[in-house]
Amino acid sequence: MDGSLPDPDGMTAETAAGGLVARDVGMVYRRGREVTEALTGCSLEVPRGSWASLIGPSGCGKSTLLRIFADLVHPTSGRATLHGTTPADARANRVFALVSQQSTMLPWRRILENVELGLQVARVSPRERRRTAEEMIELVGLKGFERAYPAELSGGMRQRAAIARALTLRPRFLLMDEPFGALDEITREKLNFELLRILQETGATLLLVTHSISEAIILSDEVAVMSARPGRITKRVPIGFGRDRDRSLRDDPRFAAYEAELRHALHG
Amino acid sequence: MTLPEDVPLTAQPDILPAMARDAAALPPIPWHRLRRIALPLAVLFVALGLWQWITASGRVSPLILASPLAIAEAFGRSGAEILAHMGVTLGQAMAGFAIGNALGLLVAIIFVHSAPIRRAVYPVAIGAEAVPVVAVLPVLILWLGNGMAPKIVITAFLTFFPMLVNALRGLRSADAEVKELMHTLSADARQTLWLVRLPASVPFLFNALKLSACACIVSSIVAEWLAAERGLGHLIVVYGARYQTAEVWATALAATAASLAVYGLVTLAERLAMPWKTR
């Protein structure tokens with residue numbers, strides 16, 4: 001049992017039990033003699049069930065930090081844990097789901113089959129995976145398009161399908177890397193609020209990488225601002241909007257204040 | 001916790017363009033399609049007419065070039081014989097086609113899963129492709145006799161390489177994002193093969209199949225020239241020796257038809273296999 005628990009260095013019992021934790025994560029890329037420091041001393045805590053965003057200038061390593069949690073890259077120093085386990089164990093136990101900017105659909109599979117992919121890999125019975133996939137397709141508002149091929153849908157719809165696929169395994173953690181970055185402003189904002197609704201319904205913990213300040217405010221309990229390379233977290237701004245958020249959020253005077261605060265933090 | 005009223009669950013506006021597109025797709029009168037068939041047919045008839053005119057005028061000896069009408073008569077005379085031998089050639093070609101392509105795909109799958117084997121064997125395989133098999137045909141006939149076996153071996157050999165090269169490319173064609181997706185889903189190698197690599201390689205596999213669809217008939221015929229008692233190649237040799245030029249042409253036309261039929265079947269299978277591309 002002890003082996004599965006993280007080191008007690010400065011970690012509170014609450015975060016160790018639940019959320020996403022990065023401790024002093026550093027990332028150095030070596031190519032020949034060239035050494036690039038992508039991340040340095042990054043520490044982050046996202047308590048279970050809460051929502052956090054990473055914003056920062058492009059190339060600051062915010063995606064790298066997310067990819068460390070997703071077990072796609074390994075940090076050169078420090079450690080990252082999800083629910084107290086390493087990213088590799090978390091991946092094996094299918095504790096998290098990743099949604100990237102490209103919806104990454106398999107073009108030869110219909111939408112329903114694409115959404116079923118994760119369940120199929122997890123060897124869930126065909127009947128059960130059909131039922132779950134249909135449920136998630138309905139949740140993301142794609143009902144009626146189960147039999148379409150990805151190429152027949154718009155970018156926004158494909159991204160909905162990618163979110164449905166991520167939700168099928170009922171992940172505790174949603175890791176989203178600029179999920180709406182390729183979409184137009186209107187679709188993007190609509191999907192922001194739909195994602196809010198889905199997050200509230202599923203209770204998942206969210207870590208979102210975005211370059212949009214307003215998206216970060218809408219979708220976060222805390223926004224972490226990162227500096228340019230080597231990336232480090234320079235400021236953490238709690239967003240006090242609570243849970244039942246809707247479109248009137250933008251009219252709240254605090255929204256503009258958060259926006260200004262984050263903009264100043266971003267531009268030094 | 002209630003849902004905001006202005007967040008609809010279904011029928012999002014970004015759905016509409018796709019639906020509108022479907023509704024607009026009423027079938028127009030296919031003039032361009034008619035033209036696509038009629039123009040080549042016209043060229044073919046003009047060419048046949050010229051051919052008939054040249055041969056009928058006596059400028060070219062019928063021993064050298066049989067007239068289209070003479071070829072048609074040859075079909076009437078020897079059609080049954082040609083058909084019987086075409087069956088043999090087609091059988092050999094299809095057997096070699098199946099074996100060569102299956103082996104090519106299998107070796108590609110092995111290569112994809114083992115870098116050491118790929119590095120060791122692939123260069124040798126590419127080198128082997130350069131062997132002019134027709135040159136070793138006499139040896140094959142010594143080994144395997146003058147029945148169907150050497151023809152099948154040659155055809156399999158020639159169809160193996162296009163499949164190996166294309167399948168290898170196809171199996172590795174999945175994007176980095178798809179590989180990352182399968183990684184985060186904790187998919188094992190077999191799942192990745194069946195769910196991603198093989199479906200992604202389908203267009204590449206059909207490229208190889210189309211390349212070898214015609215080649216398999218040609219290689220089978222060439223092998224029959226050298227030593228055979230049956231088959232279109234054997235028939236051409238026999239007719240040639242008897243100066244039955246019209247029959248030689250008729251046999252060549254039958255071989256062409258067989259090649260086209262195989263090619264057509266592969267193309268049809270390609271359409272059926274990739275509904276996401278043709279919809």
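Mentor: Happy to! In chain A, the axes of helix H5 (residues 126–139) and helix H6 (residues 155–168) come within 9 Å and cross at roughly 135 degrees. Axes here are lines fitted to C-alpha atoms, for helices over the stretch in contact, and angles run from 0 to 180 degrees between N-to-C directions. Helices (H or I, at least four residues) and strands (E, at least two) are DSSP runs, numbered from the N terminus.

Before we go on, a word on the model: it is predicted, so local features need pLDDT of at least 70 and side-chain atom pairs count only at pLDDT 80 or more, while totals for chains, interfaces and linings use all residues. Residues are numbered from 1 along each chain as its sequence is written, chains are lettered from A and ligands numbered from 1 in the order in which they are written, and side-chain values use heavy atoms, with hydrogens and water left out.

Back to our pair: H5(A) and H6(A) are therefore oblique to each other, since angles under 35 degrees count as roughly parallel, over 145 as roughly antiparallel, 65 to 115 as roughly perpendicular and the rest as oblique. Now look at who touches whom, where contact means heavy atoms within 4.5 Å. From H5(A), the residues A:Thr132, A:Ala133, A:Met136, A:Ile137 and A:Leu139 meet A:Ala164, A:Leu167 and A:Thr168 of H6(A). These contact residues divide into 6 nonpolar, 2 polar and no charged. For that count, Ala, Val, Leu, Ile, Met, Phe, Trp, Tyr, Cys and Pro are nonpolar, Asp, Glu, Lys and Arg are charged, and the others, Gly among them, are polar.

Next comes the sheet. In chain A, 6 strands form an open sheet in the order E5-E6-E7-E3-E8-E9, with mixed pairing; two strands pair if DSSP finds at least two bridges between them. At its edges are strand E5 (96–99) and strand E9 (233–238) of chain A, each pairing on one side only. On average, neighbouring strands of this sheet are turned by 15 degrees against each other, direction ignored. H6(A) packs on the sheet and touches E5 and E6 of chain A, its direction making about 170 degrees with that of E5(A).

Inside the sheet, strand E6 (residues 173–177) and strand E7 (residues 205–209) of chain A run parallel, joined by 5 bridges. There, A:Leu175 stands opposite A:Leu207 in E7(A). Helix H7 (residues 185–202) of chain A lies across strand E3 (51–55), E6 and E7 of chain A, running at about 140 degrees to E3(A).
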